[in-house]
Amino acid sequence: MLSYPATIPLSSRTLDHLAERIRGHPKQRRSRWRRLDPGRQALLGLAHLRNGDTYTRLSAGFQIGVATAWRYVQEAIALLAMAANDLATAMERIRQLAYAILDGTLIPIDRVADQRPYYSGKHKHHGVNVQVIADAAGRLVWASPALPGSVHDLTAARTHGIIDALSSADVMTFADKGYQGARGSVRSPFKRRRFRPKLSRRQKAVNRAHAKIRARGERAIATLKTWKILTKLRCCPRRATPIVQAILVLHRVETNRYAG
């Protein structure tokens, strides 16, 4: 089998952060000798998450077994996910924003045995629903645990307590038409309904201004999906949540690499 060198578009700060977490984990468990040192295992995990490299490719590149590559990647994801912020913690930053942007995205998955809950009629394929909160500049602030793709965005936001949290903090939030009826501090565009008059000129102007603001939230979703593992998950859908949480931690480290 041929192998080749590849680059990962991340800073050494991110690698060091993950390596340090891995280095402290075996000491707690008093693990025996391992095939890869913490730095190489961290590089293995980043290659999987950022570049989407399969376990077969990783095993060939790092000269380890496929099962070992899988175990090391899962360990790295679990260690990162443990450090992810929940919504209550994320709200400490969100409260300070001029306004927030809320949107949902579907992360494609392979077809599974119980397909119906994961099939999105809107997107016409299987996936998991993740709610994303961005700031006024479109920077990724927080992403929710994953729910089956058939769950509506508004239902998902309510299930995670996002609507209540934003409203309680009185954070002005812009969202698309899928969040109509959210109330509180969430603002959605005017929607023309059947058997009702057309939107007025003022309503159309409000919708255009609303769309310009909301479009910035697409940057946060694009940022999340620069991690190629999310192009299509080829694992149990229940693994989606720790993967997203691990990516949030790495993203926070990467974007704060110049701090301090």
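How many salt bridges does the structure hold? This predicted model holds 6 salt bridges. Let's look at some of them, then at a helix pair and a loop residue.

## A salt-bridge network

Arg-93, Asp-135 and Arg-139 are linked in a network of salt bridges. Asp-135 pairs with Arg-93, their closest N and O atoms being 3.7 Å apart. Because Arg-93 lies in helix α5 (residues 87–94) and Asp-135 in the loop between β3 (125–134) and β4 (140–143), this pair ties together parts that are 42 residues apart in sequence. Asp-135 also meets the side chain of Arg-139 in a salt bridge, at 2.8 Å from N to O.

Asp-135 is buried at 2% relative accessibility, Arg-93 is partly exposed at 39%, and Arg-139 is exposed at 52%.

## Another pair

Asp-53 and Arg-57 form a salt bridge through their side chains, with an N to O distance of 4.0 Å. Asp-53 counts as buried, since its relative accessible area of 14% falls under 20%.

## Where α3 meets α4

Helix α3 (residues 55–62) packs against helix α4 (residues 66–81) at an angle of about 105 degrees, and their axes are 8 Å apart. The two helices are therefore roughly perpendicular to each other.

On the α3 side, the contact involves Tyr-55, Thr-56, Leu-58 and Ser-59; α4 contributes Val-66, Ala-69, Trp-70, Val-73 and Gln-74. These residues divide into 6 nonpolar, 3 polar and no charged.

## A buried loop residue

Ala-182 sits in the loop between β6 (173–174) and β7 (186–187), and is buried at 10% relative accessibility. Beyond its sequence neighbours up to four places away, Ala-182 touches Leu-154, Arg-158 and Ile-163. Leu-154 is 28 residues from Ala-182 in sequence, yet their C-alpha atoms are 7.0 Å apart.

Methods:
Residues are numbered from 1 along each chain as its sequence is written. This is a predicted model: local features need pLDDT of at least 70, side-chain atom pairs count only at pLDDT 80 or more; totals for chains, interfaces and linings use all residues. Side-chain values use heavy atoms; hydrogens and water are left out. Axes are lines fitted to C-alpha atoms, for helices over the stretch in contact, and angles run from 0 to 180 degrees between N-to-C directions. Helices (H or I, at least four residues) and strands (E, at least two) are DSSP runs, numbered from the N terminus. Angles under 35 degrees count as roughly parallel, over 145 as roughly antiparallel, 65 to 115 as roughly perpendicular and the rest as oblique. Contact means heavy atoms within 4.5 Å. Ala, Val, Leu, Ile, Met, Phe, Trp, Tyr, Cys and Pro count as nonpolar, Asp, Glu, Lys and Arg as charged, and the others, Gly among them, as polar. Buried means under 20% relative accessible area, exposed over 50%, partly exposed in between (1.4 Å probe, protein chains only).
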